[in-house]
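Reader: I have just opened this structure and would like to learn how to read it. Could you walk me through it, one feature at a time?

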Amino acid sequence: MPNKLLESLRPNIEQAKKLEKLLLIKWTASWSEECQKWCSELGQSPEWQELQKEFVVLEWNRDWSPELDQGLQAFVQDRAGMAGWPLNLFVDPGTQNIVFAAPSLEVPDFLRVSRQLAVAWKVDPTQLQMQAEREVQEFSKKDPLKFILNDFDASKDEWIDEKVLYRFLTPLEQSLDLTTGFVGQGTTYLYPDLYRSLLAYDDLSRFGELALVRLASSPLYDVIGGGFFRSLSWDFELAKQSPSGTFDSKWINHVSTEKLLVDNSEMLGVYIDAFKKTNNPFFSQIAHEILELIMDEFKMPGTSLSFANAIWAPEEYYRIQNKDLLEAVHPKGRQAAQIFFGLNEGRSWPLIATDVAVLTEYLGEEAVDLRLSLSDAKRSLGENRIKKIERLKFSPPTRLSELSVLRSLAHASFSFDTPRLTSICEALIEKYSAEFDASEFSNWSLREKAALLRAYTSLSRLYSAQRESTRAKRMFIEAENLIESLQSPLFLEAKTDSLFLGERIDICDHTGTSGLASLLQGLLDFNALQLMGLRGDKNLPVDIGPALGWALEFARPMGLYASGIYSVAMRYLRDHKEFQA
């Protein structure tokens, strides 16, 4: 287990040692309605009331260690083929290795596994211990670059090479299902950094563009209300039986009804970048819809500043029945809405089932008229949806959720020139600048610090474009001061070359690939502002080469979880080419 987590768990580990029992860590997400429902169902099970006595049980909220969650999810995904919450970790108190992980099991299956583990631990714990040790060693050696020659032995500086990065990115591109835009098989989550990485590399950008189109045309995207749901389960075998290049919502087993602010903030930036790269109006439309979702639904009631960490509604809220079409949509638009949203053959989960051009030809209508009709239908269905429940459920805002939306809104304001967004950004930046000045900064996670840095640089760029040089320089100086305070934990020089699981996840606890990648992106933003002519008080030089080289070596075995690092590397190479040109 990671060192930082071990320190927190030390009393529980000692208790488990003394009682000669496995330590069971129930790794939960407080904002996940499904996770809380699972825990409630387990808690009400009479069998579990007795069975839990065979373990030392500890509940741990992933929000207490968001960076550590990433590493654990990667490990469990590798072992079990799936991850998610609750993540039930059975830990050997002697070696501190995870002997078994049970993610997202149905309660009866979890009870069966727990019984088997309790018996196996009593009868012969050495078998479980040996298996756990082997799996830790196997995971620590895994490398997505299986096709690179065994004698490939580049130094850290040589990792930042376009040909090497192409070899990194190709396996990630192959993890995409280009029919759906989904990542992996069976259950898919959002991986914004993966799409961003593919977009940044010209030879693979077409895959990223196609995946983003497909993703926004699937049930993972709320076509009526805008924004992405947290996850989606789909039948991979059934999907393979369909004609190539087609999508059918009958593949879908389950769509999570939670929307996370952090995920949607990241996807907002991805679709803005995709629009800038391709000039495809579809990407701009999706970006605007996500932006509207964030501004209208994620805003907490009663305040102008707090953005909810997550929102949730019952599954029925997101479905459309025939009576909804009859009640909400004008008779002239019902047929088009039914076809466009894929509501034929008894399906009730809306998605973009066909292109407007195809629908125009089929119905014999003008494209402009059809688009207006569909827009009216979407608005009417959205208003009708609100009547189904009294209120959406909001998870309380977190520092990370507000800082993530701050950076995304600054990016959106620069792209769409919206004064309302700028005013919200100014209020949020004042709030968190004051917290930084109050010396509370040491308690922040790296992702939070990185989000603040990127907010400073985005606002500085925005003010420069608006020719407000004084405000631009002020944000630049704030960014400079923040960077200076982060020099030590930044790993600007390689601090370790160990790839053992414990050390790697421990690094994830206070840096994490997502946090480190975001911070490196912020440093690239800062360097770009310097090239634009902005100067602060310290004229701080920032060379991210050593940190990036180390990060690429560190991140290799983590597959999808390293895509943010690859995105930074692609941008680093692109910026150097532009600078030389």
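Author: Gladly! Let us begin with contacts: two residues are in contact when heavy atoms lie within 4.5 Å. Among contacts in the protein chain between residues at least 6 apart in sequence, 74% join residues at least 24 apart. Please keep in mind that this is a predicted model.

Reader: Thanks. How many helices and strands are there in the protein chain?

Author: The protein chain has 24 helices and 12 strands. Of its 581 residues, 56% count as buried.

Reader: Let me try the sheets, then. In what order do the four strands of the open sheet come?

Author: First the general idea. Strands of a sheet pair through backbone hydrogen bonds, either parallel or antiparallel. Here the order is E2-E1-E3-E4, and the pairing is mixed. Strand E2 (55-61) and strand E4 (98-103) are the edge strands, each pairing on one side only. From one strand to the next, the twist averages 20°.

Reader: What lies between the strands in the hairpin of E3 and E4?

Author: Six residues do, and in this hairpin glutamine 96 takes a positive phi near 65°.

Reader: Is E4 enclosed or open to the outside, and why?

Author: E4 is largely enclosed by the rest of the structure, because five of its six residues are buried.

Reader: Now for helices. How do I describe two that pack together?

Author: Two packed helices are described by the angle between their axes and the distance between the axes. Take helix H14 (residues 331-340) and helix H16 (residues 367-386): their angle is about 80° and their axes are 9 Å apart. H14 and H16 are therefore roughly perpendicular to each other.

Reader: Which residues of H14 and H16 meet?

Author: From H14 come Gly333, Ala336, Ala337 and Phe340, and they meet Leu370, Ser373, Leu374 and Ala377 in H16. Sorted by class, this contact has six nonpolar, two polar and no charged residues.

Reader: Next, the aromatic rings. How many aromatic pairs are there?

Author: Rings pair if their centres lie within 6.5 Å. By this rule there are 18 aromatic pairs. One of them joins tryptophan 48 and phenylalanine 110: the pair is tilted, at 5.5 Å centre to centre with 55° between the planes. Tryptophan 48 lies in helix H3 (residues 46-51) and phenylalanine 110 in helix H5, so the pair ties together parts that are 62 residues apart in sequence. Both tryptophan 48 and phenylalanine 110 are buried. For an edge-to-face pair, look at phenylalanine 340 and phenylalanine 341, at 5.3 Å centre to centre and 70° between the planes.

Reader: Are phenylalanine 340 and phenylalanine 341 buried or exposed?

Author: Buried means under 20% relative accessible area. Phenylalanine 340 has 9%, so it is buried, and phenylalanine 341 counts as buried at 0%.

Reader: Which residues form the aromatic cluster?

Author: Trp38, Trp48, Phe55, Phe90, Phe100 and Phe110 form one cluster.

Reader: To finish, which residues does isoleucine 477 touch?

Author: Leaving out residues up to four places away in sequence, isoleucine 477 touches Gly536 and Asp537. Isoleucine 477 sits in helix H20 (residues 469-485) and is buried, with a relative accessible area of 19%. Its C-alpha atom is separated by 9.3 Å from that of leucine 534, 57 residues apart along the chain.

Technical notes. Residues numbered from 1 in each chain as written. Predicted model: local features only at pLDDT ≥ 70, side-chain atom pairs only at ≥ 80, totals over all residues. Heavy atoms only, no water. Pairing = 2+ DSSP bridges. Helix = DSSP H or I, 4+ residues; strand = E, 2+ residues; numbered from the N terminus. Axes fitted to C-alpha atoms, helices over the stretch in contact; angles between N-to-C directions. Parallel < 35°, antiparallel > 145°, perpendicular 65-115°, else oblique. Nonpolar A, V, L, I, M, F, W, Y, C, P; charged D, E, K, R; others polar. Buried < 20%, exposed > 50% of the residue type's maximum accessible area, 1.4 Å probe, protein only. Phe/Tyr/Trp six-rings, centres within 6.5 Å; stacked < 30°, edge-to-face > 60°.
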